[in-house]
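Here's a quick tour of one protein model, starting with its sheet and moving on to its helices. Have the picture open while you read.

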Amino acid sequence: MESQVEGLPFNTIKSLFGISHSKTAILKAEAEERIPRAHRVKIGDTGREQRIWDFGQVALIGERYGFLKHPEKPTVVTIFSTKGGILKSTLALNIARTHALHNIKTVVVDLDPQGDSSKNLGLDLSEDSFEDLDEVDKKLEAIGGLFDVKTGRVSLNDILQPTDLPTLQFIPANSELVPLMELIGTEVRREYWIKENVIEPLKALGYELIILDLAPSWSLYTSNALAASNLLVSPLECKIAHYRNIREFTRYLDGFIKKMGIGNQLQTLFVPVKTSATRKLSMQIKQFYHNAVPGCSHGSIRESVTGEEAVANRVSVLEYSQKSTLAEEVKELMIEINSKMATKAKERQVQ
(Lines give C-alpha, C1' and ligand atoms only; values in the text may rest on other atoms or scores of the structure.)
Protein backbone atom coordinates (compact mmCIF):
# COMPACT_ATOMS: atom_id res chain seq x y z
CA MET A 1 0.00 0.00 0.00
CA GLU A 2 1.33 3.43 -0.92
CA SER A 3 1.93 5.84 1.94
CA GLN A 4 -0.31 8.86 2.11
CA VAL A 5 1.24 12.30 1.67
CA GLU A 6 0.33 14.98 4.18
CA GLY A 7 -0.71 18.02 2.24
CA LEU A 8 -3.52 19.69 0.34
CA PRO A 9 -5.34 19.12 -2.96
CA PHE A 10 -5.81 21.82 -5.60
CA ASN A 11 -9.34 22.93 -4.64
CA THR A 12 -8.32 23.49 -1.01
CA ILE A 13 -5.21 25.42 -2.05
CA LYS A 14 -7.26 27.53 -4.45
CA SER A 15 -9.74 28.45 -1.69
CA LEU A 16 -7.02 28.93 0.91
CA PHE A 17 -5.16 31.56 -1.11
CA GLY A 18 -8.10 32.93 -3.07
CA ILE A 19 -6.47 31.93 -6.36
CA SER A 20 -8.45 33.22 -9.33
CA HIS A 21 -6.53 31.20 -11.91
CA SER A 22 -8.20 28.14 -13.41
CA LYS A 23 -7.06 24.63 -12.66
CA THR A 24 -5.73 24.43 -16.21
CA ALA A 25 -3.53 27.49 -15.62
CA ILE A 26 -2.21 26.02 -12.38
CA LEU A 27 -1.46 22.68 -13.99
CA LYS A 28 0.36 24.50 -16.79
CA ALA A 29 2.44 26.33 -14.17
CA GLU A 30 3.18 22.95 -12.60
CA ALA A 31 4.21 21.43 -15.94
CA GLU A 32 6.49 24.41 -16.63
CA GLU A 33 7.94 24.09 -13.09
CA ARG A 34 6.83 27.57 -12.07
CA ILE A 35 5.30 25.85 -9.04
CA PRO A 36 6.34 22.53 -7.46
CA ARG A 37 5.09 19.29 -8.96
CA ALA A 38 2.38 17.65 -6.86
CA HIS A 39 2.51 14.12 -5.53
CA ARG A 40 0.05 11.72 -7.16
CA VAL A 41 -2.02 9.84 -4.61
CA LYS A 42 -4.40 7.03 -5.55
CA ILE A 43 -8.04 7.46 -4.60
CA GLY A 44 -9.27 4.19 -3.12
CA ASP A 45 -9.51 1.30 -5.59
CA THR A 46 -10.71 3.43 -8.49
CA GLY A 47 -7.31 3.72 -10.11
CA ARG A 48 -7.75 7.48 -10.25
CA GLU A 49 -5.09 9.77 -8.86
CA GLN A 50 -5.33 13.08 -7.04
CA ARG A 51 -2.70 15.78 -6.97
CA ILE A 52 -1.52 16.55 -3.43
CA TRP A 53 1.04 19.22 -2.61
CA ASP A 54 2.85 18.76 0.71
CA PHE A 55 3.01 21.70 3.10
CA GLY A 56 6.46 22.81 1.98
CA GLN A 57 5.18 22.95 -1.59
CA VAL A 58 1.97 24.67 -0.50
CA ALA A 59 4.07 27.45 1.05
CA LEU A 60 5.85 27.99 -2.27
CA ILE A 61 2.48 28.19 -4.04
CA GLY A 62 1.24 30.61 -1.35
CA GLU A 63 4.31 32.77 -1.87
CA ARG A 64 3.52 32.99 -5.58
CA TYR A 65 -0.26 33.23 -5.64
CA GLY A 66 -1.27 34.19 -2.09
CA PHE A 67 -2.42 37.45 -0.51
CA LEU A 68 0.43 38.17 1.94
CA LYS A 69 3.87 39.68 1.30
CA HIS A 70 7.26 39.00 2.85
CA PRO A 71 8.37 41.56 5.46
CA GLU A 72 11.03 43.95 4.15
CA LYS A 73 12.96 43.16 7.33
CA PRO A 74 12.40 40.79 10.27
CA THR A 75 9.25 41.83 12.14
CA VAL A 76 8.27 41.20 15.77
CA VAL A 77 4.57 40.97 16.61
CA THR A 78 3.35 40.80 20.21
CA ILE A 79 -0.10 39.42 21.08
CA PHE A 80 -1.25 40.88 24.39
CA SER A 81 -4.30 41.80 26.45
CA THR A 82 -4.86 42.05 30.18
CA LYS A 83 -7.96 39.87 29.88
CA GLY A 84 -7.78 36.14 29.35
CA GLY A 85 -9.98 33.91 27.24
CA ILE A 86 -10.38 36.38 24.35
CA LEU A 87 -8.71 34.56 21.44
CA LYS A 88 -5.18 35.78 22.17
CA SER A 89 -3.52 32.44 21.46
CA THR A 90 -6.04 31.79 18.68
CA LEU A 91 -4.87 34.98 16.97
CA ALA A 92 -1.24 33.90 17.44
CA LEU A 93 -2.01 30.55 15.78
CA ASN A 94 -3.80 32.12 12.82
CA ILE A 95 -1.18 34.81 12.24
CA ALA A 96 1.63 32.26 12.47
CA ARG A 97 0.17 29.56 10.22
CA THR A 98 -1.23 31.93 7.60
CA HIS A 99 2.11 33.69 7.17
CA ALA A 100 4.05 30.42 7.24
CA LEU A 101 1.80 29.12 4.47
CA HIS A 102 3.00 32.09 2.37
CA ASN A 103 6.58 30.82 2.78
CA ILE A 104 7.37 33.45 5.41
CA LYS A 105 9.74 31.87 7.94
CA THR A 106 7.88 32.25 11.23
CA VAL A 107 8.51 31.44 14.88
CA VAL A 108 6.19 31.75 17.89
CA VAL A 109 7.71 32.40 21.32
CA ASP A 110 5.22 31.31 23.98
CA LEU A 111 5.70 33.53 27.05
CA ASP A 112 2.46 32.49 28.76
CA PRO A 113 3.07 29.80 31.43
CA GLN A 114 -0.37 28.38 30.60
CA GLY A 115 1.16 27.30 27.30
CA ASP A 116 -1.89 27.53 25.01
CA SER A 117 0.18 28.55 21.99
CA SER A 118 2.59 25.66 22.59
CA LYS A 119 -0.35 23.25 22.70
CA ASN A 120 -1.98 24.80 19.62
CA LEU A 121 1.26 24.44 17.67
CA GLY A 122 1.66 20.76 18.48
CA LEU A 123 3.22 20.29 21.92
CA ASP A 124 1.33 17.32 23.34
CA LEU A 125 1.60 16.92 27.12
CA SER A 126 -1.82 15.37 27.68
CA GLU A 127 -2.16 12.43 30.04
CA ASP A 128 -3.26 10.16 27.18
CA SER A 129 0.11 10.62 25.47
CA PHE A 130 2.21 8.96 28.20
CA GLU A 131 2.46 5.56 29.83
CA ASP A 132 4.10 6.67 33.10
CA LEU A 133 5.75 9.58 34.93
CA ASP A 134 9.26 8.62 33.81
CA GLU A 135 8.16 9.14 30.21
CA VAL A 136 6.74 12.55 31.15
CA ASP A 137 10.02 13.58 32.80
CA LYS A 138 12.03 12.50 29.76
CA LYS A 139 9.77 14.49 27.44
CA LEU A 140 9.97 17.62 29.61
CA GLU A 141 13.75 17.28 29.90
CA ALA A 142 14.07 16.95 26.13
CA ILE A 143 11.93 19.99 25.38
CA GLY A 144 13.82 22.64 27.35
CA GLY A 145 12.93 26.34 27.42
CA LEU A 146 14.23 29.88 27.74
CA PHE A 147 15.30 29.24 31.34
CA ASP A 148 17.75 26.63 30.02
CA VAL A 149 19.09 29.18 27.54
CA LYS A 150 19.54 31.75 30.29
CA THR A 151 21.42 29.30 32.52
CA GLY A 152 23.62 28.16 29.63
CA ARG A 153 22.43 24.55 29.52
CA VAL A 154 21.35 24.76 25.87
CA SER A 155 21.42 27.18 22.95
CA LEU A 156 18.35 28.94 21.59
CA ASN A 157 18.47 26.74 18.51
CA ASP A 158 18.20 23.65 20.75
CA ILE A 159 14.76 24.58 22.12
CA LEU A 160 13.09 25.39 18.79
CA GLN A 161 10.25 22.94 18.19
CA PRO A 162 8.99 21.90 14.72
CA THR A 163 5.42 21.93 13.44
CA ASP A 164 3.83 20.25 10.42
CA LEU A 165 4.73 23.38 8.41
CA PRO A 166 8.45 23.53 7.46
CA THR A 167 8.31 27.35 7.68
CA LEU A 168 6.88 27.44 11.23
CA GLN A 169 8.61 26.63 14.52
CA PHE A 170 7.99 27.62 18.13
CA ILE A 171 9.68 28.03 21.50
CA PRO A 172 7.44 26.37 24.09
CA ALA A 173 6.32 27.74 27.42
CA ASN A 174 7.00 25.82 30.60
CA SER A 175 6.82 26.25 34.37
CA GLU A 176 10.33 27.71 34.44
CA LEU A 177 9.11 30.96 32.87
CA VAL A 178 8.45 32.20 36.43
CA PRO A 179 12.00 31.67 37.80
CA LEU A 180 13.38 32.96 34.51
CA MET A 181 11.58 36.27 35.04
CA GLU A 182 13.15 36.50 38.49
CA LEU A 183 16.61 36.00 36.97
CA ILE A 184 15.97 38.59 34.27
CA GLY A 185 14.86 41.03 36.97
CA THR A 186 18.40 41.16 38.31
CA GLU A 187 19.82 42.28 34.95
CA VAL A 188 20.89 45.89 34.40
CA ARG A 189 19.05 45.99 31.06
CA ARG A 190 16.20 43.80 32.25
CA GLU A 191 13.63 45.30 29.84
CA TYR A 192 15.81 44.27 26.89
CA TRP A 193 16.77 40.70 27.79
CA ILE A 194 14.33 39.12 25.31
CA LYS A 195 15.33 41.55 22.56
CA GLU A 196 19.04 40.90 22.98
CA ASN A 197 18.99 37.19 23.86
CA VAL A 198 15.96 35.86 21.96
CA ILE A 199 14.84 38.23 19.20
CA GLU A 200 18.24 39.14 17.75
CA PRO A 201 19.44 35.50 17.66
CA LEU A 202 16.15 34.44 16.00
CA LYS A 203 16.64 37.12 13.35
CA ALA A 204 20.16 35.81 12.81
CA LEU A 205 18.64 32.35 12.21
CA GLY A 206 16.63 33.81 9.33
CA TYR A 207 13.19 34.20 10.86
CA GLU A 208 11.16 36.87 9.07
CA LEU A 209 8.22 36.94 11.50
CA ILE A 210 8.63 36.50 15.27
CA ILE A 211 5.42 36.29 17.29
CA LEU A 212 5.43 36.75 21.08
CA ASP A 213 2.38 35.40 22.91
CA LEU A 214 2.06 36.88 26.42
CA ALA A 215 0.11 36.00 29.53
CA PRO A 216 -2.88 38.29 30.27
CA SER A 217 -1.14 40.42 32.88
CA TRP A 218 1.46 43.20 33.01
CA SER A 219 4.85 41.75 33.89
CA LEU A 220 8.52 42.03 33.03
CA TYR A 221 7.78 39.84 30.02
CA THR A 222 5.30 42.46 28.81
CA SER A 223 7.95 45.19 29.06
CA ASN A 224 10.47 42.98 27.27
CA ALA A 225 8.08 42.04 24.49
CA LEU A 226 6.88 45.57 23.77
CA ALA A 227 10.43 46.93 23.85
CA ALA A 228 11.37 44.40 21.18
CA SER A 229 8.26 44.61 18.99
CA ASN A 230 7.24 46.40 15.84
CA LEU A 231 3.52 45.65 16.16
CA LEU A 232 1.21 45.01 19.10
CA VAL A 233 -1.96 43.08 18.28
CA SER A 234 -4.44 43.35 21.15
CA PRO A 235 -7.85 41.64 21.03
CA LEU A 236 -10.80 43.62 22.44
CA GLU A 237 -13.68 41.47 23.58
CA CYS A 238 -17.07 42.90 22.60
CA LYS A 239 -18.47 42.42 26.09
CA ILE A 240 -19.09 44.73 29.03
CA ALA A 241 -16.04 43.76 31.14
CA HIS A 242 -13.58 44.68 28.42
CA TYR A 243 -15.55 47.75 27.41
CA ARG A 244 -15.27 49.08 30.98
CA ASN A 245 -11.50 48.58 31.11
CA ILE A 246 -10.42 49.72 27.64
CA ARG A 247 -9.75 53.35 28.57
CA GLU A 248 -7.57 52.37 31.52
CA PHE A 249 -5.72 49.79 29.43
CA THR A 250 -4.96 52.20 26.57
CA ARG A 251 -3.97 54.94 29.05
CA TYR A 252 -1.49 52.62 30.76
CA LEU A 253 -0.20 51.36 27.41
CA ASP A 254 0.33 54.90 26.11
CA GLY A 255 2.20 55.81 29.30
CA PHE A 256 4.44 52.76 28.98
CA ILE A 257 5.23 53.48 25.32
CA LYS A 258 6.12 57.07 26.19
CA LYS A 259 8.25 56.02 29.15
CA MET A 260 10.19 53.48 27.06
CA GLY A 261 10.54 55.87 24.12
CA ILE A 262 9.33 53.27 21.62
CA GLY A 263 6.56 55.28 19.96
CA ASN A 264 8.40 55.47 16.64
CA GLN A 265 9.07 51.73 16.68
CA LEU A 266 5.79 50.22 17.88
CA GLN A 267 2.48 50.24 16.02
CA THR A 268 -0.72 49.08 17.71
CA LEU A 269 -3.67 47.20 16.26
CA PHE A 270 -6.72 46.59 18.43
CA VAL A 271 -9.01 43.84 17.14
CA PRO A 272 -12.69 43.55 18.21
CA VAL A 273 -13.31 39.84 18.91
CA LYS A 274 -16.15 37.56 19.95
CA THR A 275 -18.69 39.74 18.18
CA SER A 276 -22.28 38.54 17.87
CA ALA A 277 -24.50 39.94 15.12
CA THR A 278 -27.59 38.75 16.99
CA ARG A 279 -26.81 40.79 20.11
CA LYS A 280 -27.38 44.53 19.94
CA LEU A 281 -25.01 45.25 22.85
CA SER A 282 -22.16 43.34 21.17
CA MET A 283 -22.60 45.36 17.97
CA GLN A 284 -22.71 48.63 19.93
CA ILE A 285 -19.49 47.81 21.76
CA LYS A 286 -17.81 46.86 18.48
CA GLN A 287 -18.90 50.16 16.95
CA PHE A 288 -17.57 52.02 20.00
CA TYR A 289 -14.17 50.36 19.56
CA HIS A 290 -14.07 51.33 15.89
CA ASN A 291 -15.04 54.93 16.63
CA ALA A 292 -13.18 55.63 19.88
CA VAL A 293 -10.08 53.43 20.01
CA PRO A 294 -7.11 54.71 17.95
CA GLY A 295 -5.50 51.91 15.99
CA CYS A 296 -8.62 49.74 15.87
CA SER A 297 -8.68 47.24 13.02
CA HIS A 298 -11.02 47.69 10.08
CA GLY A 299 -12.72 44.37 10.67
CA SER A 300 -13.56 42.11 13.61
CA ILE A 301 -13.66 38.43 14.53
CA ARG A 302 -16.96 36.81 15.43
CA GLU A 303 -17.60 34.27 18.15
CA SER A 304 -17.81 30.98 16.32
CA VAL A 305 -17.72 27.23 16.90
CA THR A 306 -15.78 27.00 13.63
CA GLY A 307 -12.91 28.94 15.17
CA GLU A 308 -12.86 26.65 18.20
CA GLU A 309 -12.84 23.59 15.98
CA ALA A 310 -9.93 24.97 13.96
CA VAL A 311 -7.87 25.48 17.12
CA ALA A 312 -8.77 21.99 18.34
CA ASN A 313 -7.38 20.67 15.05
CA ARG A 314 -4.28 22.89 15.43
CA VAL A 315 -4.83 24.69 12.14
CA SER A 316 -5.82 28.18 11.06
CA VAL A 317 -9.41 29.04 10.23
CA LEU A 318 -8.39 29.50 6.59
CA GLU A 319 -7.14 25.92 6.47
CA TYR A 320 -10.11 24.49 8.32
CA SER A 321 -13.06 26.26 6.69
CA GLN A 322 -11.99 28.30 3.67
CA LYS A 323 -15.48 29.36 2.58
CA SER A 324 -16.93 30.32 5.96
CA THR A 325 -17.79 33.90 6.96
CA LEU A 326 -15.27 33.58 9.79
CA ALA A 327 -12.56 32.72 7.25
CA GLU A 328 -13.38 35.92 5.35
CA GLU A 329 -12.98 37.94 8.56
CA VAL A 330 -9.71 36.22 9.44
CA LYS A 331 -8.33 36.75 5.94
CA GLU A 332 -9.18 40.46 6.09
CA LEU A 333 -7.40 40.73 9.45
CA MET A 334 -4.34 38.83 8.20
CA ILE A 335 -4.04 41.23 5.26
CA GLU A 336 -4.31 44.22 7.61
CA ILE A 337 -1.67 42.83 9.97
CA ASN A 338 0.63 42.03 7.05
CA SER A 339 0.19 45.53 5.64
CA LYS A 340 1.42 47.02 8.92
CA MET A 341 4.70 45.20 8.50
CA ALA A 342 7.32 46.73 6.23
CA THR A 343 6.51 44.42 3.34
CA LYS A 344 8.14 44.00 -0.02
CA ALA A 345 6.65 43.04 -3.36
CA LYS A 346 6.77 39.39 -4.33
CA GLU A 347 9.97 38.57 -6.15
CA ARG A 348 8.14 36.26 -8.54
CA GLN A 349 5.06 37.72 -10.15
CA VAL A 350 2.00 35.67 -11.04
CA GLN A 351 1.99 34.60 -14.66
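**The sheet**

The model has an open sheet of 8 strands in the order β7-β8-β6-β9-β5-β10-β11-β12, with mixed pairing. Two strands pair if DSSP finds at least two bridges between them. Helices (H or I, at least four residues) and strands (E, at least two) are DSSP runs, numbered from the N terminus.

- At the edges stand β7 (161-162) and β12 (301-302), each with a single partner strand, so one side of each has no neighbour in the sheet.
- Strands β5 (residues 75-79) and β10 (residues 231-237) run parallel and are joined by 3 bridges.
- In β10, L231 is the bridge partner of V77.

**A helix on the sheet**

- Helix α11 (residues 240-260) lies across β10 and β11 (267-275), at about 165° to β10.
- Axes here are lines fitted to C-alpha atoms, for helices over the stretch in contact (heavy atoms within 4.5 Å), and angles run from 0 to 180 degrees between N-to-C directions.

**Two helices crossing**

- The axes of α1 (residues 10-17) and α3 (residues 55-65) come within 10 Å and cross at roughly 40°.
- That makes α1 oblique to α3 (under 35 degrees is roughly parallel, over 145 roughly antiparallel, 65 to 115 roughly perpendicular, and the rest oblique).
- I13, L16 and F17 of α1 make the contact with V58, I61, G62 and Y65 of α3.

**About the model**

- This is a predicted model: local features need pLDDT of at least 70, side-chain atom pairs count only at pLDDT 80 or more, and totals for chains, interfaces and linings use all residues.
- Residues are numbered from 1 along each chain as its sequence is written, and side-chain values use heavy atoms, leaving out hydrogens and water.
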